Amino acid sequence: MERIGYGKHWPVVAIPIVLLLVFPQVASFYSVILLTEVLIYAIFATSLNLELGYTGLPSLGHAAFFGVGGYTLGILIAKGGIHNFWLCVIAAVLASAVVSSLLGFFSIRTSGAFFLMLTFALAQFVWGIAWSWRSLTGGDDGISGVSRPTPGLTISIMNEVNFYYLVLLFFAGTLFLLYRICRSPFGHVLQGIRESETRMQALGYDTWKYKYVAFIVAGTFAGLAGALKACQDGFVSPAYPSVVTSGMVLLMCLVGGTRIFLGPTLGAAVVWVVRSIVSSYTEYWSFVLGCILIIAVMFAPQGIAGYLVQVRGLLKRARAKS
Amino acid sequence: MLINFRRKIEVIAKARKDRAIYGFLRNLNCKEEQMKPTRLFSLLIGALFVFSSAKTVCSQPASASQTKSPIKIGWIGALTGPLAQGSAAALRGSKLAFKEANWEVAGRKIEMVVEDDAYNPGVTVTKVKKLLFSDKINLLMGPWANASGLAIIDFIKANKLITVTYQCAQSSLTEDKYTPYFFRSSFNDAGQATPFEGWLTYHLGYRKVACISLDTAYGHSCLDGFKKSFEKLGGKITQEIYTPQGTTMDFAPYLAKIDTSKIDLIYSWLTGSDALRFVKQYSEYGYKKTPLFGANMIGETYLPELGDTALGIHGILYYVQSLPNPENQRFLKMYSNEYGPELTKQVAAFDVQGYEASKLIIAGLRAVKGKVEDSGALMKALEKVQFESPRGPLKLDDHHNAVFLNYLFRVEKVGDRYQNTVLKAYGPLYQGWFEAGFQPPEVPVPGSK
Amino acid sequence: MFDLGSLLNLAMSGITFGMILFLLAAGFELMFGVMRIINMAHGSFFMLGAYLGISIARQTHNFLFGILMGAVSVGIVGLVTERFLFRRLPLHLQQVYVTFGIIYILADISKWAWGSNPYVLSTPALLAGSVTILAKPFPIYRLVLLGVGLLTALGLWLFQEKTRVGSIVRAGVDDREMVGVIGINIKLLSTLVFTGGALLAGFAGIMASPIIPVLPGIDWDVMTLAMVVVVVGGLGSLRGALVGGLLIGLADTFGKFLLPQVGIVLIFLVLAVVLIIRPSGIFGGG
């Protein structure tokens, strides 16, 4: 396993971190809220990419876990009156881990097209429960009044800027963990499964187990994203586990690039910002997103991130030549 | 033999493919190194940084003197989604009232920022935050959906944002979740409108009713409101059928459930395309012998689509296009001048609700001479506003909820047009009237000869 | 309420609904079977067919012409998509993603062109009434739908079994690579199949529009249904489309009648059960 030596590359790592830290001090209040949402969706999309990009399992039902995380936190805080931030977040994460192990058990036996449809169907099932179990979830009225309990050290996160820093912390932590997972031998086995499952089986790996673990890990982080989003909105609704949300996070991965670790983050930023800004000017923002996706697929099959990397590679070669 | 041949080809192909994969896997580590994620990251953050700073720099400085700077009103509705037509109609109505006032009050210009929450309460929260923090609105109009109202009520209270909604009939918003910053010029479903439907149905002589409604929180609260009054008075609801919103492709099974032998009446709260389907299939399957009531289904937007199948259906609502009062005639004429005769044909309650909410705001702003910043005075002024609306006389009660008349009407064909003809008027109704034991008197229809 | 007349009535409703599902799924099966593409925009094609058909029928005051044009115009959209977008993309997965983007694009184009109101196709007076079967009224149009569905199924079967092009398509479903090796123009076959599949989806949309009003949002709902039917019936099998369609149609109808609270979740339950018992669907090749 290679060590990633950042020794001489430290400015490259430090600069984005500094920019992120300094952001709220210079940007408008609303931009901070927007960036908080982007970070939450980045966590969500990167978790999906563990399945999609690294293991080659296209899931159209990832929002189910987003929903489970969101609802768990929402129900505990708004209905259960449990105003302990860490307890609720941990509960949300655990709940989504449990649900993903359950759904994964049935989904992992399939692959490709079947997997897409089965994850979709199971997610719709979760959506249906959220919609119908009115006494628990409030039905389509949703759960409102989800306040943000203090995470400790008497720093209130009702303040949008403080909440931003908290989300930033989760974002950094999640990305770090997922990056280590992707670069570990486990991650390499996943990529091998993506390329040729039979080959990996021939090499002696129990591919089912690897895929299953990947599914659960992905679902768990999606649940974390859901819990954070519930905190931000102060509200949970059946829109969280819906197919539209699953589609949106898939879109984020595809637009950003599934073969690069930071691709989904970039995709989340592009899609969410386009959606927020374009929707203020025209109601036809779906059209814009659809065009972006098709252009990305046709001209930048590795997503925008992949395209940028290619460009960098070309530039490098050009410089080396001259 | 062919099968063996094929199998051989498969094995060879697989082996070749595998060799390629093995090579790929070996190169994988090296390739990954080249893709330095962190540089990409810097690019990303830098771009966001530049963009948001640019936005801060470019947004208008509030330099001009307060009294002459424009009044910014945010308008939010479900402009995309299953009930988009209602929001679009309300927006037309809202804009019409501001146009009538020449988009200015007491020398200050009125600017409207319109946002769409796509019928998703999470988006409502985000957009309202944007409207308040980024666009710096002084007042909010909306939201449309009940769930959206529930989503933002705490935010409104915490941020002291004066909000006038033109729909959002969720009862608790002006009952247990009441906050003085929230005003509702439309109606309260379970606390005001639907109990009246039950009360009137009973007083018209019906005793056994089958109810069909959407399986949503709104649908349930409508039926609950109806049940509250109808059963208390002595009526009996033989069946309560809930249909899943939107995803119901086929109504046949629900229709088949209705046992028409035991009932006097079918009451429906279905809206949108579900209403269309229901009415069409109701007539196709031959249920016409049993009377059907339901205002949502026969809104003027659907009448042309329904055609003859709608004739004879009754409804109970606070507005129909054929109301004879002079304010309604004036409103329709103004609407036609602005939006053309085609859209005017479809004018229904939503257009009027949008219009009223804007008129309420204009009246309140006029009373405080345009000083929207003085929110205390503005709220007091809004509470006292009353005026003649196209639906009849309108004012607010002490919980900031609308008080108005209700009408009984029926679909008739007049010439070559289908219209909702007013039969009777009752009221005025206020929130909680049924619990208070009020018996709404029948009153003459305003404007009728 | 449980007398024979009602039950038969309900069953027939379920079967006619199943016919709509069959028409929808048949196109999808074709596309997947031969081209290995999951056409995520299938629901969007359904929606577009309904919108275009209704508009044309209203403009020309001709019911049949509207139906024809509804189907044909969506077929053209499919043709254009295949010819100009799919041809350039080597990977199946990329083509699937393109169809995903098409969902968003068609959704907004429809909204721009037709607005947010629901539209229903009015049937001519001849078909608008109902006949009495076992003392219960049954709409004539649904019988027409049943007939059309069966005719289409028959037509597709004949096409597959008896015509040369049909046998090529069947071979393509079985073994795509070999078909290419034999020397058949795979590109032309793909275009044909995708156009045909789109045409079927548009046809399903316009045929269903008297019963199922078209409005924004229906594309996702219909795609859901199509996926459920196709997976239950078995990917790549036309027989599966028919049986799956009928099964889901009946399950949906009877389910809503008997257990209305389960309403939305019922078909997903059926799907999950089928997938757990037989992952490749009823007639799937695995």
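The overall form of chain C and the strand pairing in chain B are described below. The model is predicted, with local features requiring pLDDT of at least 70 and side-chain atom pairs counted only at pLDDT 80 or more, whereas totals for chains, interfaces and linings use all residues. Residues are numbered from 1 along each chain as its sequence is written, and chains are lettered from A and ligands numbered from 1 in the order in which they are written.

Chain C contains 12 helices and two strands (DSSP runs of H or I of at least four residues and of E of at least two, respectively, numbered from the N terminus). Their order along the sequence is α-α-α-α-α-β-β-α-α-α-α-α-α-α. Chain C is as compact as a globular protein of its length, because its radius of gyration of 19 Å is close to the 19 Å given by the globule rule for 286 residues (taken over C-alpha atoms; the rule is 2.2 Å times the number of residues to the power 0.38). The C-alpha trace of chain C spans about 60 × 45 × 35 Å along its principal axes. Of the 286 residues in chain C, 58% are buried (20 or more other C-beta atoms within 10 Å of the residue's own, with C-beta atoms placed from the backbone).

In chain B, strands E12 (residues 386–389) and E13 (residues 392–396) run antiparallel and are joined by four bridges; pairing requires at least two bridges found by DSSP. A hairpin through two residues connects E12(B) to E13(B), and B:Ser389 lies opposite B:Gly392. E13(B) also pairs in the antiparallel sense with strand E14 (residues 402–414) of chain B, over two bridges. B:Leu396 has B:Ala402 in E14(B) as its bridge partner. The hairpin of E13(B) and E14(B) has five residues between the strands, and B:His400 there adopts a positive phi near 65 degrees.

Note on methods:
A residue is buried if 20 or more other C-beta atoms lie within 10 Å of its own, exposed if 12 or fewer, and partly exposed in between; C-beta atoms are placed from the backbone.
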